[in-house]
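Let's walk through this model together, one piece at a time. Have the structure open as you read.

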Amino acid sequence: MKKILFSLIAILMIGCSRPAAYSFFIAIDDNGWETTELAAFHIDTLPQKSYYECMLHLRTSTAHPYPYKQLMAEVHFKQNDSLCIATDTICFNLYNESNKKKSAGISMHTHSLRLRDIYYQPEQTHQIIVRHLMDTTPLPGIVAVGLELNLPAANDR
């Protein structure tokens, strides 16, 4: 009975979640993230012309701890590889007020931050570029940078 109940709950959880329109992680060198190293995401096929929710993900590892509570970065949103739509400077909080990690995972932690919603047109190419703005270079502790684009739920817009 427990196996059946667990299976039903798992099926419901999987069935209720929508797959991301775009999801990709870029590995960062084991020696650290250089200031000159860009995490560039090239997006050339999306399901439809629409606004997309944009989530930035950072992965840290307990093997090489990240030495700070925050990460400062700049994010460039480009269209057709040259037209800059927007540039944002972000502060990514990796800890909450009680000094505990804001993450999910055991030995690798994924931290997520919602960025601006972006309007994409499938007939155009898009690029989102992330560069850290920390004084330390190479910056230890970040093992991957990820980007996820999702169509908003019908009641979100």
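A39 has V130 of strand 8 as its bridge partner. Strands here are DSSP E runs of at least two residues, numbered from the N terminus. Strand 2 and strand 8 run antiparallel to each other, joined over 5 bridges; two strands pair if DSSP finds at least two bridges between them. Zoom out and you'll find 4 strands in an open sheet, ordered 2-8-4-5, with antiparallel pairing. Strand 2 and strand 5 sit at the edges with a single partner strand each, so one side of each has no neighbour in the sheet.

This is a predicted model, so local features need pLDDT of at least 70 and side-chain atom pairs count only at pLDDT 80 or more, while totals for chains, interfaces and linings use all residues. Residues are numbered from 1 along each chain as its sequence is written, and side-chain values use heavy atoms, leaving out hydrogens and water.

Now look at Q127, which lies in strand 8 (residues 126-132). Is Q127 buried or exposed? Q127 is buried, because its relative accessible area is 9%, and buried means under 20% (1.4 Å probe, protein chains only). Beyond residues up to four places away in sequence, Q127 touches several residues, including F41, H76 and D81; contact means heavy atoms within 4.5 Å.

How far should you trust all this? pLDDT is the predictor's confidence in each residue, from 0 to 100. The protein chain averages 81, and 79% of the residues score at least 70. Over residues 10-15, though, pLDDT stays under 50. Where pLDDT is low, the predicted coordinates should not be read in detail.

Technical notes
Buried < 20%, exposed > 50% of the residue type's maximum accessible area, 1.4 Å probe, protein only.
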